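Subject: Structure for your review

Dear colleague,

Please find below the structure that I am handing over to you. My notes on it follow directly after.

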Amino acid sequence: MDALDARILLAVDDDPDASSLALAKRLGIARNTLHARLQRMRANGVVREFSRRVDPAALGHGLVAFVSVALSQTTGRRATAALAAFPEVVEMHSTTGEADLLLKVVARDTADLHRVSGELLDVPGVVRTSTVVSLREELPPRTRALIERAAERGGEAGRPRRNPPDAARPVREATRARAEIPLRE
């Protein structure tokens with residue numbers, strides 16, 4: 001990803017409903033360039049599906065928990081696919097340490113979480129689980145600050161810059177303007 005890709009992502013983040021033509025004009029690039037770069041980023045997994053932006057609480061699943069899962073050393077690999085099939089499992093990471101997997105799970109309430117936890121434990125290959133309930137999200141998932149850095153630095157570390165240093169000025173100014181907005185409690 002280069003600085004122009006990052007600027008495109010920031011423009012889409014600022015106005016996700018804008019037309020390709022409007023975004024291209026705002027960025028000072030051809031519409032075909034914008035379209036080709038967005039298609040490439042989608043194909044490479046840089047831009048993910050829209051559903052990742054939907055808050056599970058809006059779907060009635062406002063309780064968030066993190067479940068550490070220890071797998072059987074002999075049959076645990078098959079468990080990963082079975083665990084991924086649960087709609088309540090919204091993220092899954094292989095980890096180091098005492099657990100093999102860390103799941104982010106959503107539920108309607110504590111009784112629903114108890115049901116989901118029991119079903120996770122019933123998956124063949126799951127040896128044990130440990131659940132921690134999130135009391136409050138202190139910082140939602142974010143990547144904007146990383147995208148802004150990529151726009152300012154010209155993309156990936158070590159890659160030659162394609163755009164002149166002033167190309168990131170609108171991004172820095174927009175970032176400064178957002179930083180001046182007071183936070184509400």
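I begin with Leu 63, which is located in strand β1. This model is a predicted one, and every value in this message was computed from it. Is Leu 63 buried or exposed? Its relative accessibility is 16%, below the 20% limit for a buried residue, and Leu 63 therefore counts as buried. Leaving out residues up to four places away in sequence, Leu 63 touches Val 105, Val 106, Ala 107, Asp 109, Thr 110, Leu 113 and Val 133. One of these, Val 105, is 42 residues from Leu 63 in sequence, while the C-alpha atoms of the two are 8.3 Å apart in space.

The chain as a whole

The protein chain has 7 helices and 4 strands. Read from the N terminus, these elements follow the order α-α-α-β-α-β-β-α-β-α-α. The chain has 185 residues, and 30% of them count as buried.

Helix α4

Helix α4 spans residues 76–84, and its buried residues are Gly 76, Ala 79 and Leu 83. Viewed down the axis of α4, these buried residues fall within an arc of 35 degrees, so they line one face of the helix. Arg 77, Arg 78 and Ala 81, on the other side of α4, are exposed. What covers the buried residues of α4? The cover includes the strands β1, β2 (89–94), β3 (101–107) and β4 (126–133), together with helix α5 (110–121).

Helix α2

Gly 28 follows α2 and has a positive phi, near 75 degrees.

Asp 5 in helix α1

Asp 5 belongs to helix α1. With a relative accessible area of 1%, Asp 5 is buried. Which residues are in contact with Asp 5, apart from its neighbours within four places in sequence? They are Arg 37, Arg 40 and Met 41. With Arg 37 there is also a polar contact, in which the two side chains are joined at 2.7 Å.

A nonpolar patch on the surface

Phe 50, Val 54 and Leu 59 form a nonpolar patch on the surface, and together they have about 340 Å² of accessible area. Leu 59 is placed in the loop between α3 and β1, the latter covering residues 63–71. The relative accessibility of Leu 59 is 62%, over the 50% limit, and Leu 59 therefore counts as exposed.

Yours sincerely

Methods. Residues numbered from 1 in each chain as written. Predicted model: local features only at pLDDT ≥ 70, side-chain atom pairs only at ≥ 80, totals over all residues. Heavy atoms only, no water. Helix = DSSP H or I, 4+ residues; strand = E, 2+ residues; numbered from the N terminus. Patch = residues over 30% accessible without salt bridge, like charges linked within 9 Å, V, L, I, M, F, W, Y side chains within 5 Å. Areas by Shrake-Rupley, 256 points an atom, 1.4 Å probe, with all protein chains shown as cover. Salt bridge = Lys/Arg side-chain N within 4 Å of Asp/Glu carboxyl O. Buried < 20%, exposed > 50% of the residue type's maximum accessible area, 1.4 Å probe, protein only. Polar contact = N/O pair within 3.5 Å; in protein donor to acceptor, adjacent residues only side chain to side chain. Contact = heavy atoms within 4.5 Å. Arc of directions from axis to C-beta.
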